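Biologist: I am new to this structure. Please walk me through its rings and its nonpolar cores.

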Amino acid sequence: MAYVDGFVIAVPTGNRERFIEHARKADALFIKHGATRIWECWGDDVPDGKVTDFRRAVQATEDETVVFSWIEWPDKETRDSVFARMEDLMRDDAWNPELNPVPFDGKRMIYGGFTPVVRMGE
């Protein structure tokens, strides 16, 4: 059964192209190691809520854009295997923070793993 990792981050709006370049490099490695599909989505209609919202959840400032991303895996076991090897995988230039620095504040990232319970369409 498929498994999904979801992420919400605040990226400085001026870092849009740097983010896309970073994501392409890192995401290619997730695909190489078993991910079946990855979406990196740049927010363009992220409204302020009355109680909570994406912007508040990641403490986004006025000069940041909310990015919503997910990685689809064939199953949880594949995902767990990749994450268990992250320290070794970080040696790859695409994941090496010194060679491919993250263009956002990773401490404000929200992430988690999810088991799909309803799936429709492609």
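Modeller: We take aromatic pairs, then charges over rings, then cores. This is a predicted model, in which local features need pLDDT of at least 70, side-chain atom pairs count only at pLDDT 80 or more, and totals for chains, interfaces and linings use all residues. Residues are numbered from 1 along each chain as its sequence is written, and side-chain values use heavy atoms, with hydrogens and water left out.

Biologist: How many aromatic pairs does a search of the whole structure find?

Modeller: A pair of aromatic rings is described by the distance of the centres and the angle of the planes. Rings of Phe, Tyr and Trp (its six-membered ring) pair if their centres lie within 6.5 Å; planes under 30 degrees apart are stacked, over 60 edge-to-face, and the rest tilted. The search finds eight such pairs. Take Phe-19 and Trp-42: the centres are 6.2 Å apart and the planes are at 45 degrees, so this pair is tilted.

Biologist: Which parts of the chain does the pair link?

Modeller: Distant ones. Helices (H or I, at least four residues) and strands (E, at least two) are DSSP runs, numbered from the N terminus. Phe-19 is in helix H1 (residues 16-32) and Trp-42 in strand E2 (residues 37-42), 23 residues apart.

Biologist: Is Phe-19 buried or exposed?

Modeller: Buried means under 20% relative accessible area, exposed over 50%, and partly exposed in between (1.4 Å probe, protein chains only). Phe-19 has 6%, so Phe-19 is buried. Trp-42 has 23% and counts as partly exposed. Another tilted pair is Phe-68 with Trp-70, at 5.4 Å centre to centre and 50 degrees between the planes.

Biologist: Where does the charged end of Arg-16 sit?

Modeller: A charge sits over a ring if NZ of Lys or CZ of Arg is within 6 Å of the ring centre and within 35 degrees of the ring normal. The charged end of Arg-16 is over the ring of Trp-42, 5.5 Å from its centre. Arg-79 lies over the face of Phe-83, at 5.0 Å from the ring centre.

Biologist: Which residues make up the largest nonpolar core?

Modeller: In soluble globular proteins, nonpolar side chains tend to be buried together. A nonpolar core is a set of buried Ala, Val, Leu, Ile, Met, Phe, Trp, Tyr and Cys residues joined through side-chain atoms within 4.5 Å. The largest here has eleven residues, including Tyr-3, Phe-30, Ile-71 and Trp-95. H1 gives the most, with three residues. Apart from this core lies another, of six residues, among them Val-11, Phe-19, Val-67 and Phe-104.
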